[in-house]
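Please read it alongside the sequence and the coordinates.

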Amino acid sequence: MNKNQLYRVRDTFNVRTVSSHHTVEAAVKSERKFSRAVKRANGANSWIPTRIEVRNDAGLWVSADHDEVMATKHTLDSQ
């Protein structure tokens, strides 16, 4: 992992950045926190689509590696 690599949680419905992080784990935790806040404010069946993105070497935001995100979610779920 690049030491200066940045991740962000992106609200794809409202087209805005929810948060920025240095690790995929922090981004996953933030995505979950955002989801809980949406449900708390709007009801248990509410949701807003999000995506975890990473800044590539060219400085562009692209979707983070799906396998890395899913592995991190699995690790957090098993703790």
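1. Helices (H or I, at least four residues) and strands (E, at least two) are taken here as DSSP runs, numbered from the N terminus. This is a predicted model, in which local features need pLDDT of at least 70 and side-chain atom pairs count only at pLDDT 80 or more, while totals for chains, interfaces and linings use all residues. Residues are numbered from 1 along each chain as its sequence is written, and side-chain values use heavy atoms, with hydrogens and water left out.

2. The sheet is open and holds four strands in the order β2-β1-β3-β4, with antiparallel pairing; two strands pair if DSSP finds at least two bridges between them. β2 (16-21) and β4 (61-63) are the edge strands, each pairing on one side only. From one strand to the next, the twist averages 35°, the axes being lines fitted to C-alpha atoms and the angles running from 0 to 180 degrees between N-to-C directions.

3. Three bridges join β3 (residues 50-55) to β4 in the antiparallel sense. Within β4, V62 is the bridge partner of V54.

4. The largest nonpolar core has ten residues: Y7, V9, V24, A27, V28, I52, V54, A64, V69 and L76. Such a core is a set of buried Ala, Val, Leu, Ile, Met, Phe, Trp, Tyr and Cys residues joined through side-chain atoms within 4.5 Å; buried means under 20% relative accessible area, exposed over 50%, and partly exposed in between (1.4 Å probe, protein chains only). Two or more core residues come from each of β1 (7-11), α1 (24-42), β3 and α2 (66-77), and α1 gives the largest share, three residues.

5. Where does A64 lie? A64 is in the loop between β4 and α2, and is buried because its relative accessible area is 11%. Its C-alpha atom is separated by 5.2 Å from that of V54, ten residues apart along the chain. Not counting residues up to four places away in sequence, A64 touches Y7, I52, E53, V54 and V69, where contact means heavy atoms within 4.5 Å. V69, leaving aside neighbours within four places in sequence, is in contact with V24, V28, I52 and A64.

6. S19, in strand β2, is buried because its relative accessible area is 15%. Its side chain makes a polar contact with the side chain of H21 (2.7 Å). A polar contact is a pair of N or O atoms within 3.5 Å; within protein, one must be able to donate a hydrogen and the other to accept it, and residues adjacent in sequence count only if both atoms are side-chain atoms. Beyond its neighbours within four places in sequence, S19 is in contact with Y7, R8, V9 and S30.
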